[in-house]
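Let's take a walk through this one, chain by chain. Keep the viewer open as you read.

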Amino acid sequence: MMTKDLKATAAMEQGVNPRVEALKKSWYKFSRNPLSMLGLIVVLLVIFIAIFGPYIVPYPEDAGLVTKIAESFQGPSGAHLAGTDEYGRDVFSRMLIGTRSSLVIGLLVLAISVPLGVILGLIAGYYKGKLISRLIMWLTELFMAIPPLILAMVVCTMFTNGYLFAAIGIAVAWWPWYTRMTYNMVTSLSNELYIVYTELSGVKVLKILLSEMLPNITSSIVTKMSLDMGSIILTASSMSFVGLGVQPPEPSLGAMVSDGIAYLPEFWWLTVMPAAVVVLIVLGFNLLGDGLNDVLSVEEK
Amino acid sequence: MENKNNLALNIENLSVKYKVYEGTLEVIPGLSMHVEQAERVGLIGEAGCGKTTVLKSAAAVLHSPPAIVRKDAIEVCGVSVDGKKGVRSVRRNVSMIFQDPSSSLNPTLKISTQMTDILKSQFPGRKKAEYRQMMLDALDNVSMPAPERVLGSYPVQLSGGMRQRVCIAMALMKDTNLMLADEPTTALDVTIEEQILDLLDKLVREKKKSLVLVSHALGAIRKITDRVYVMYAGNVVEVGKTREVFEHPRHPYTIGLLAATPKLTGSGIADGIAGDIPSYINPPKGCRFASRCPRCTPECLEAPPVLESVDGREDWMVACHHAGEEAMA
Amino acid sequence: MSENVIQIENLTKQFKTKFGTLTAVDNVSFNIKRGENFGLVGESGSGKSTIGSMIVGTYGPTSGSITFQDDIDISRSSKQREPALKQQIQLVFQDPGGSLNPRKTIRQILSVPVELYAEKRLTTAEVEKRIKDILEQVGLPAHYLDKYPRAIGGGEKQLVCVARALAANPQFIVLDEPTSALDVSIQAKITNKLIELQRQNSLSYLFITHNLCLVRNMCDRLAVMYLGSICEYADTAEFFENPRHPYTQMLLASIPVLSDVEEELKPQKVKSVGEIPSPLNKPKGCPFNPRCPFKKDICTQEVPQMKEVSPGHYACCHCL
């Protein structure tokens with residue numbers, strides 16, 4: 001009877017929603033790692049700037065084509081935190097506004113490449129050894145063999161040069177990595193007993209893929225998305241560095257670096273500042289991804 | 001226990017804790033055990049009772065942090081594990097055999113390479129041929145068929161039983177007094193298990209080594225140990241001569257465990273012990289077995305029992321408030 | 001009413017590997033009667049799990065036949081079986097942790113077979129009721145439904161696996177080492193539960209295990225396998241009183257027991273020697289001959305035939 005009482009209280013305690021409890025526990029683990037927290041703060045800051053950038057910068061008009069010759073080439077100071085460029089525009093303001101396009105391109109690329117890559121990966125992984133699987137994986141390897149920057153440049157030059165096509169271009173180069181990852185995970189999941197059980201019981205393939213397998217790979221996908229965000233922003237910057245993607249006068253971090261190179265080394269802030277921001281954003285997303293990876297991987301204890 | 005320096009292993013009041021999200025895991029609250037020279041001691045307990053933690057502490061390989069370790073003493077052959085020097089000398093003075101022989105051998109190296117590495121650290125600066133002879137002797141010692149061929153093989157090319165023989169041979173090559181075996185036969189088939197147990201038994205007797213055999217297989221413990229410690233949820237609940245404990249267990253946990261083991265007599269299986277090991281976070285302040293115990297009384301929920309002699313005997317101790325009472329149905 | 005739930009005749013399964021053909025199961029025949037708990041005992045590589053896999057249809061046999069309920073041929077993989085058949089034959093794996101999806105709650109796990117095998121579309125309330133019934137049958141409290149597998153103990157996970165098998169309302173369950181990953185005190189609870197459920201639901205079991213003591217206390221009849229063939233098969237009591245095959249004698253003699261009483265029940269004359277050969281590289285003649293203390297010339301030449309040594313007790317040895 002004693003034991004029953006104990007059990008009843010235990011049940012009451014455990015009555016809390018297991019999902020909420022799991023989330024709390026994940027947050028505890030995540031927050032104990034200072035690097036992950038740094039990553040999270042940077043990423044939140046980037047998102048905040050991307051949304052509110054134009055409203056909070058000191059010189060919002062500098063995003064466009066303005067010339068204030070009197071103020072050109074000023075070094076970093078209280079008035080211009082990151083100095084000014086050849087037209088006298090505030091580099092700090094332009095950087096913050098440029099962050100938005102970087103982030104939007106990153107999200108666009110993920111929005112296209114992740115669903116595509118994951119669906120193809122699920123199919124290829126489940127039908128491993130069959131023709132359809134070989135076909136998908138062959139295509140995947142083909143796209144992987146071409147450097148993403150070149151593939152993206154081809155797409156951009158074939159169609160119109162701009163935001164959207166830059167994103168499509170990068171996405172074309174990006175989906176195979178998701179296919180490959182999903183494929184690998186699905187093939188190893190196929191050997192798990194709970195998948196074998198559902199197959200033996202005659203559960204429909206679509207249900208196996210979506211309700212048994214997908215929940216087990218989401219965490220890895222989310223982690224990879226965060227890690228990839230950094231690389232995509234870097235690629236987008238590289239593209240704008242060579243003049244593809246975001247078009248002037250709209251500021252973009254890559255183009256700012258590229259324009260500033262002509263004035264090195266005297267006017268170093270023109271290149272170093274936007275480059276540092278790119279590094280910071282990439283680092284932030286990578287740290288966040290690492291932290292998510294630690295937290296989301298299911299461990300039995 | 002006349003002179004503590006004569007003990008092969010002496011653990012006094014060991015406590016191990018871990019800090020996790022939910023709080024503090026009090027895995028081992030306060031455990032003492034000792035092993036005399038040339039004594040074979042068994043450590044029984046089920047998954048999660050802390051037996052491997054005890055073994056790791058004894059071999060000075062328990063990682064701390066994360067573990068928070070407090071102790072009055074851990075001594076191997078009179079040497080304390082304190083300090084870097086102590087740890088190193090203790091690690092050199094114990095040999096360990098693990099449950100899974102496939103993961104305790106490096107899959108990318110030949111057996112001969114792995115054995116030579118140990119020999120080089122034990123007997124530096126000998127000739128190659130000498131090492132080879134020592135390895136063949138060591139394998140011969142463990143009745144390995146075709147030792148020459150085994151030396152040139154990679155671990156995957158050997159069967160589970162042969163790998164465990166290699167591990168035992170390697171453990172014996174270290175000239176140590178104390179051998180710690182963590183479930184050495186659990187991964188093996190019954191007929192192979194018998195061979196390995198017989199082998200361990202023979203070698204330990206011949207070389208007058210002390211052995212700590214950790215296992216949840218009660219039969220294996222009965223077969224080759226003199227004395228047995230029964231662990232439950234981080235505590236020793238019963239200590240005594242193996243045969244006597246198995247014949248007339250006194251602690252309700254030992255009784256339940258023995259009853260739950262299926263027998264050759266075919267007398268059916270007792271219903272086991274209801275419930276589960278209590279959580280190590282905020283463990284019950286009384287007896288940790290209370291929630292599963294048929295003898296539980298309010299006293300058991302209040303204070304943890306301590307090990308007390310049974311019938312005034314020095315060599316048989318039980319930690320139960322109701323040890324004196326006859327077992328109830 | 002049919003007498004046999006499962007009848008296996010001359011069943012053989014070969015796998016093609018890099019190193020040649022592996023004969024995992026070699027010309028095996030036996031039958032499982034209705035309402036019976038049949039034990040299949042063997043060490044690693046004996047082919048006992050391969051037989052279980054063929055019965056549930058993980059893959060079909062290379063040759064030979066498996067018949068379900070006297071007249072339904074099920075010698076093919078589950079993909080080619082009708083849904084009704086899949087429902088009748090269920091499976092419980094050895095590793096309870098690995099056989100439950102870590103990302104699903106117990107409720108979600110149990111609702112799969114309930115919905116899958118329902119004759120008509122069930123409402124949420126009906127599914128819920130059925131799940132709760134089954135959970136109660138295996139003796140787990142209802143609040144476990146919202147838990148994830150990692151939050152419950154190993155024994156409880158295995159009970160969930162048993163519940164999942166019961167949810168299909170089967171005739172026959174293959175239990176593949178259901179308790180060998182569990183602690184002794186928990187094992188006892190699970191085996192007793194399994195026996196109880198068998199009586200309540202008039203089920204038949206194929207109990208695959210390496211633990212002879214467990215079979216002694218659980219099964220009505222048993223077969224012992226070695227390297228793909230059956231050595232001996234008999235009623236449990238008869239088998240343990242009078243083991244005839246040298247391998248089964250060795251197996252019994254190897255069991256580490258807990259008391260002198262049991263010690264006396266073991267055959268004393270056979271000492272365990274040698275290694276189990278790889279099934280890829282089987283000895284010629286009787287598969288057991290390299291380890292057999294009674295080896296004769298004929299043993300290395302000819303494969304022995306199954307003989308009936310006493311009514312219902314079969315053994316496969318040249319010495320008999």
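## A walk through the chains

Start with Gly30(B), which is found in strand S2 (residues 23–36) of chain B; helices and strands here are DSSP runs numbered from the N terminus, with helices (H or I) of at least four residues and strands (E) of at least two. This is a predicted model, where local features need pLDDT of at least 70 and side-chain atom pairs count only at pLDDT 80 or more, while totals for chains, interfaces and linings use all residues. Residues are numbered from 1 along each chain as its sequence is written, and chains are lettered from A and ligands numbered from 1 in the order in which they are written.

Back to Gly30(B): is this residue buried, exposed or partly exposed? Gly30(B) is partly exposed, because 18 other C-beta atoms lie within 10 Å. The cut-offs are 20 or more other C-beta atoms within 10 Å for buried, 12 or fewer for exposed and anything in between for partly exposed, with C-beta atoms placed from the backbone. Setting aside neighbours within four places in sequence, Gly30(B) is in contact with Asn13(B) and Ser15(B); contact means that the C-beta atoms, placed from the backbone, lie within 7 Å. Gly30(B) and Gly234(B) are 204 residues apart along the chain, yet their C-alpha atoms are separated by 8.1 Å.

Now hop to Leu178(B), in strand S8 (residues 178–182) of chain B. Leu178(B) counts as buried, because it has 22 C-beta neighbours inside 10 Å. Leaving out neighbours within four places in sequence, its contacts are Ala8(B), Leu9(B), Val76(B), Cys77(B), Asn93(B), Val94(B) and Ser210(B). Leu109(B) is another story: it sits 69 residues from Leu178(B) along the chain, and their C-alpha atoms are separated by 27 Å.

Next, some helix packing in chain B. Two packed helices are described by the angle between their axes and the distance between the axes. The axes of helix H3 (residues 111–122) of chain B and H6(B) come within 10 Å and cross at roughly 15 degrees; axes are lines fitted to C-alpha atoms, for helices over the stretch in contact, and angles run from 0 to 180 degrees between N-to-C directions. H3(B) is therefore roughly parallel to H6(B), given that angles under 35 degrees count as roughly parallel, over 145 as roughly antiparallel, 65 to 115 as roughly perpendicular and the rest as oblique. On the H3(B) side the contact is made by Ile111(B), Met115(B), Ile118(B), Leu119(B) and Gln122(B), and on the H6(B) side by Val166(B), Met170(B) and Met173(B). By class that contact has seven nonpolar, one polar and no charged residues; Ala, Val, Leu, Ile, Met, Phe, Trp, Tyr, Cys and Pro count as nonpolar, Asp, Glu, Lys and Arg as charged, and the others, Gly among them, as polar.

Chain A has helix pairs to look at too. Helix H4 (residues 91–126) of chain A and helix H5 (residues 131–145) of chain A pack at an angle of about 135 degrees, with their axes 8 Å apart, so H4(A) and H5(A) are oblique to each other. Leu120(A), Ile123(A) and Ala124(A) in H4(A) meet Ile132(A), Ser133(A), Ile136(A) and Met137(A) in H5(A). That contact has six nonpolar, one polar and no charged residues.

Further along, helix H9 (residues 205–241) of chain A packs with helix H11 (residues 269–296) of chain A at about 170 degrees, their axes 8 Å apart. That makes H9(A) roughly antiparallel to H11(A). Residues in the contact include Gly230(A) of H9(A) and Gly289(A) of H11(A), and the contact divides into 12 nonpolar, eight polar and no charged residues.

So where do chains B and C touch? There, 37 residues of chain B are in contact with 32 residues of chain C. The elements giving two or more residues to the chain B side are helix H6 (160–173), helix H7 (190–206), helix H8 (218–224) and helix H10 (252–260) of chain B. H7(B) supplies the largest share of that side, six residues. By class, the chain B side has 16 nonpolar, 12 polar and nine charged residues.

Finish in chain C. In helix H5 (residues 154–167) of chain C, 14 of 14 residues are buried. Asn169(C), which follows H5(C), has a positive phi, near 60 degrees. Ser202(C) has a positive phi too, near 40 degrees, and lies in the loop between helix H6 (184–201) and strand S8 (204–209) of chain C. Ser202(C) counts as exposed, because it has 9 C-beta neighbours inside 10 Å.

Conventions. Contact = placed C-beta atoms within 7 Å.
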